[in-house]
Amino acid sequence: MRKLKLIWDFHGPDALKIAEHHEIHLKEYIKLEGLNINLTGFEVLSNNHSIAFLVVDEDQMKPIRDALKPHRGQIYSIA
């Protein structure tokens with residue numbers, strides 16, 4: 001099954017702190033909904049751009065996307 005990375009972008013001087021905090025909410029959602037998802041995180045892309053993300057199986061994507069409204073998504077691959 002193909003995996004998709006749902007991404008939330010944050011910009012500005014507090015982007016990293018916001019992305020870190022957003023990941024907490026993603027983990028809360030996973031627990032609340034009883035989902036079998038264990039790959040979340042945050043990344044620094046530049047001084048003023050950080051992301052929070054959640055990796056889901058493709059068949060789980062639509063209801064999670066509709067509930068959480070990520071800014072974008074991409075196919076997830078382990079580099």
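Surface patches are made of residues with over 30% relative accessible area and no salt bridge, where like charges are joined within 9 Å and nonpolar side chains (Val, Leu, Ile, Met, Phe, Trp, Tyr) within 5 Å. A salt bridge is a side-chain nitrogen of Lys or Arg within 4 Å of a carboxyl oxygen of Asp or Glu, and accessible areas come from the Shrake-Rupley method with a 1.4 Å probe, with only the protein chains shown counting as cover for residues. The model is predicted, so local features need pLDDT of at least 70 and side-chain atom pairs count only at pLDDT 80 or more, while totals for chains, interfaces and linings use all residues. Residues are numbered from 1 along each chain as its sequence is written, and side-chain values use heavy atoms, with hydrogens and water left out.

In this structure, L16, F42 and V44 make a nonpolar surface patch of about 240 Å². L16 belongs to helix α1, residues 15-33; helices (H or I, at least four residues) and strands (E, at least two) are DSSP runs, numbered from the N terminus. L16 counts as partly exposed because its relative accessibility is 33%, the terms being buried for under 20% relative accessible area, exposed for over 50% and partly exposed in between (1.4 Å probe, protein chains only).

The strands form an open sheet of four in the order β2-β3-β1-β4, with antiparallel pairing; two strands pair if DSSP finds at least two bridges between them. Its edge strands, β2 (40-46) and β4 (72-75), each pair on one side only. On average, neighbouring strands of the sheet are turned by 30 degrees against each other, direction ignored. Nine bridges join β1 (residues 3-11) to β3 in the antiparallel sense. Helix α1 lies across β1, β2 and β3 and runs at about 20 degrees to β3; axes are lines fitted to C-alpha atoms, for helices over the stretch in contact, and angles run from 0 to 180 degrees between N-to-C directions.

S50 is placed in strand β3, residues 49-57, and F10 stands opposite S50. With a relative accessibility of 2%, S50 counts as buried. The C-alpha atoms of S50 and L16 are separated by 5.3 Å, although the two residues are 34 residues apart along the chain. Beyond its neighbours within four places in sequence, S50 is in contact (heavy atoms within 4.5 Å) with residues including W8, F10, L16 and V44.

R72 lies in strand β4 and is partly exposed, because its relative accessible area is 35%. R72 and W8 are 64 residues apart in sequence, yet 6.8 Å apart in space, C-alpha to C-alpha. Leaving aside neighbours within four places in sequence, R72 is in contact with K5, L6, I7, D9, L45 and I51.
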